[in-house]
Amino acid sequence: MATSTAATPKAVVNPAISIIRRTRKNSAACSGVGSGTVVSVMQSSSTQDSSTTGSSQDSAGRLEVIVGGDEGSVRLDRVLAARQPSLSRSRLKGLILAGSVSIGTTAIRDPAYHVGKGDTITIDVPEAVAAEPEGEDIALDVVYEDADIIVINKPKGLVVHPAAGHASGTLVNALIAHCGSSLSGIGGVRRPGIVHRLDKDTTGLMVAAKNDGAHQSLTAQFADHGRTGAMERGYLAFVWGVPNRQRGTVDAPIDRHPHAREKMAVREGGREAITHWDVQQTFAGADGKPVASLLACRLETGRTHQIRVHLTALGHPVIGDPVYGRPTPARLALLSPAQQQAVRDMHRQALHAYRLGFRHPRSGEQLVWESNLPADIEMLIESLESV
């Protein structure tokens, strides 16, 4: 096996860590829909008859849906998806979150909002924007590159692909500029070359495909999660507290948070999610007692925010995480003033994708890369080690 290293591995990283992975279990599809709902279309600058059913996903205008009560689901997003098939589920969700869907005079921003029989739902569809992102001159930390793949060390703050609120300045924009026309059409116009993702403020190793053959191979390897192949994904998470044993596994389904829709949560009926963790190092607070630890994590599935959600469920949220790991006064009280300041200065989750391995799409050779911890996590560690 050939091994490529982005940098010398940290001393706290156990080189014997094995990466275990499997696949996911899909959640159930939405319920069937009856025939009692009335749909009307009101184009803002057209003489189209209001009884027309259906609309163009890319055309601006106002749509109305009157709930018949026999749809089989009371969720706003599911009713709209069934009654407006010309608008994709992701498009409808984006419109809901953007406040473009209302009942009466009230904008409804929760896709899971329960609608009632007779409700009139109004959808304001804005003018469509260009779907194809453009290349931008954004610096990339390229770890490895050949005619088929490119491996990069993603910095904090870099969104992987264009989405709501991030139409430009993404990794995709950088890849288009760096790789040129070879990325066209791979993974769709919005995500050319993308075969996996990291959260905006999670740092570390990522691979992108430069042609269709590489894309198909890498997609299959990531979908397999290493059950039968060479896929390896390792993360280092700096967390609050110290687990009561050396290593363990969180096997808990993940779904959208029932109230805070920007968050994920462990929920019964969610999608299968399995995370293995292993304590690498522990850190003491002002009184000499353990207050934090560095965990190596390996995934069997690839859910949104999986490591962050699972470690929070374990009782050890990732330090700096603005969504799941905000420091409590009780936790901060255990730290020295210098340690408290270091935690406050950590303006993102202390999570780093330090290891990535897979079989090369063309040669079949197994390649593995490891990446040092970034400077902000190093500074946090140095502060806690100073006690």
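Modeller: Let us begin with burial: of the 387 residues of the protein, 47% count as buried, where buried means under 20% relative accessible area, exposed over 50%, and partly exposed in between (1.4 Å probe, protein chains only). This is a predicted model, in which local features need pLDDT of at least 70 and side-chain atom pairs count only at pLDDT 80 or more, while totals for chains, interfaces and linings use all residues. Residues are numbered from 1 along each chain as its sequence is written, and side-chain values use heavy atoms, with hydrogens and water left out.

Colleague: How many helices and strands are there in the protein?

Modeller: The protein has 8 helices and 16 strands, helices (H or I, at least four residues) and strands (E, at least two) being DSSP runs numbered from the N terminus. With contact defined as heavy atoms within 4.5 Å, residues 24 or more positions apart account for 70% of the contacts with a separation of 6 or more.

Colleague: How should I read a nonpolar core, and which residues have the most contacts inside the largest one?

Modeller: In soluble globular proteins, nonpolar side chains tend to be buried together. A nonpolar core is here a set of buried Ala, Val, Leu, Ile, Met, Phe, Trp, Tyr and Cys residues joined through side-chain atoms within 4.5 Å. The largest such core has 51 residues, and those with the most contacts inside it are Leu171, Leu175, Tyr235, Phe238, Cys297, Leu311 and Leu380. Strand S14 (residues 290-299) gives the most to this core, with 7 residues. A second, separate core of 18 residues includes Val101, Ile103, Ile123 and Val125.

Colleague: What does Leu175 touch, leaving aside residues up to four places away in sequence?

Modeller: On that count, Leu175 is in contact with Leu140, Ile150, Gly180, Leu183, Ile194 and Ala208.

Colleague: Which residues of helix H8 are buried, and what covers them?

Modeller: In helix H8 (residues 375-385), the buried residues are Asp376, Ile377, Glu378, Leu380, Ile381, Ser383 and Leu384. Their cover includes S9, strand S13 (274-284), S14, helix H7 (337-344) and S15.

Colleague: Which residues line the largest cavity?

Modeller: Its lining is made up of His196, Leu198, Leu205, Arg233, Gly234, Tyr235, Ala353, Arg355 and Leu356. Strand S9 (232-240) and strand S15 (351-359) each supply at least two residues of that lining. The lining residues divide into 5 nonpolar, 2 polar and 2 charged, with Ala, Val, Leu, Ile, Met, Phe, Trp, Tyr, Cys and Pro counted as nonpolar, Asp, Glu, Lys and Arg as charged, and the others, Gly among them, as polar.

Colleague: What is the count of disulfides?

Modeller: A disulfide is a covalent bond between the sulfur atoms of two cysteines. Taking a disulfide as a pair of cysteine sulfur atoms within 2.5 Å, the count comes to 0. Cys179 is buried at a relative accessible area of 15%, and Cys297 is buried at 2%.

Colleague: Is Gly357 buried or exposed, and what does Gly357 touch beyond four places in sequence?

Modeller: Gly357, placed in strand S15, counts as buried because its relative accessibility is 0%. Beyond residues up to four places away in sequence, Gly357 touches Ala230, Met231, Glu232, Leu367 and Val368. Gly357 and Leu367 are 10 residues apart in sequence, with 5.4 Å between their C-alpha atoms.

Colleague: Where is His305, and what is its phi?

Modeller: His305 has its place in the loop between S14 and helix H5 (306-313). Phi of His305 is near 60°, a positive value in a residue other than glycine, and His305 is buried, with a relative accessible area of 15%.

Technical notes:
1 Å grid on protein atoms, 1.4 Å probe; cavity = no way out; pocket = protein on both sides within 12 Å on 5 of 7 lines; lining within 4 Å.
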